[in-house]
Amino acid sequence: MTGDLSVKLAEGVLNIRVGALLIKGDGVLMVHGRHGDFYTVGGRVRFGETMEAAIGRELTEELGEKAKILKNGELCAVLENFFVIDGERFHELSAYFRYDATALEIESGVSLCDENETLEWISLNEMKDLTVYPLFLKEGIPSDGGVKFLSIVEEDF
């Protein structure tokens, strides 16, 4: 398992991703600063890797040893996302897993895995005024116990 599931096609790029929604109080733990002034969660699935294995790997990459205290996440959303970055069209399929992060002791502004990014607790209220991906987080976190299917097509796609 080496290559990320990001495939360049004539029409654009196809990505397969996973994201962990680590919930503590009214906040979500998000990554800030990797590629610009926005907040996000997760990363790409690798070829031959299950989504569950990918989310475990992503959590370990972001949290290090602290990831071990998290219990298994629950799939809460599947997102089909169509967007454009720097003129390049993207079609992205993502699975988001919800975690109870009450026991996770991480302060905002901490950099555990990469000096160019920090982990930040972002409240659902704050998200409305920030650039946050996935976009559906601005509307809240799916929490009804089922899996929500979402499709977002940006205007310029």
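Hi everyone. Let me start with the residues around the largest pocket: 10 are nonpolar, 6 are polar and 11 are charged. Before I go on, please keep in mind that what we have here is a predicted model.

So what does that pocket look like in numbers? The space in the largest pocket comes to about 690 Å³. Its lining is made of 27 residues, and the ones nearest the centre are R17, F38, T40, R44 and E92. Which elements give two or more residues to this lining? They are strand 2 (13–24), strand 5 (43–44), helix 1 (51–63), strand 6 (74–85) and strand 7 (88–100).

Now for the second largest pocket. It holds about 170 Å³ of space. Its lining consists of E52, I55, G56, L59, T60, A67, L70, K71, N72, G73, F97 and Y99. Helix 1 and strand 7 are the elements that give two or more residues to that lining. Which element gives the most? That is helix 1, with 5 residues. Sorted by class, the lining of the second largest pocket has 6 nonpolar residues, 4 polar ones and 2 charged ones.

How many does the structure hold? There are 8. I'll walk you through a few of them.

Take R46 and E61, which form a salt bridge with their closest N and O atoms 3.5 Å apart. This pair links distant parts of the chain: R46 sits in the loop between strand 5 and helix 1, while E61 belongs to helix 1, and they are 15 residues apart. Are these two buried or exposed? R46 is partly exposed, with a relative accessible area of 25%, and E61 counts as partly exposed too, at 33% relative accessibility.

E61 also has a salt bridge with R57, where the closest N and O atoms are 3.0 Å apart. Here both residues lie in helix 1, 4 residues apart, which is about one turn of the helix. R57 in turn forms a salt bridge with E49, and in that pair the closest N and O atoms are 2.8 Å apart. Both E49 and R57 are buried. Why do we call R57 buried? Its relative accessible area is 15%, and buried means under 20%.

The peptide bond between Y133 and P134 is cis, with omega at about 10 degrees. You will find P134 in the loop between helix 2 (124–127) and strand 9 (148–153).

The other spot is D86. Although D86 is not a glycine, it has a positive phi of about 50 degrees. Where does D86 sit? It is in the loop between strand 6 and strand 7. D86 is exposed, with a relative accessible area of 82%.

Notes:
Residues numbered from 1 in each chain as written. Predicted model: local features only at pLDDT ≥ 70, side-chain atom pairs only at ≥ 80, totals over all residues. Heavy atoms only, no water. 1 Å grid on protein atoms, 1.4 Å probe; cavity = no way out; pocket = protein on both sides within 12 Å on 5 of 7 lines; lining within 4 Å. Points joined across faces, edges and corners; volume = space filled by probe spheres on them. Nonpolar A, V, L, I, M, F, W, Y, C, P; charged D, E, K, R; others polar. Buried < 20%, exposed > 50% of the residue type's maximum accessible area, 1.4 Å probe, protein only. Salt bridge = Lys/Arg side-chain N within 4 Å of Asp/Glu carboxyl O.
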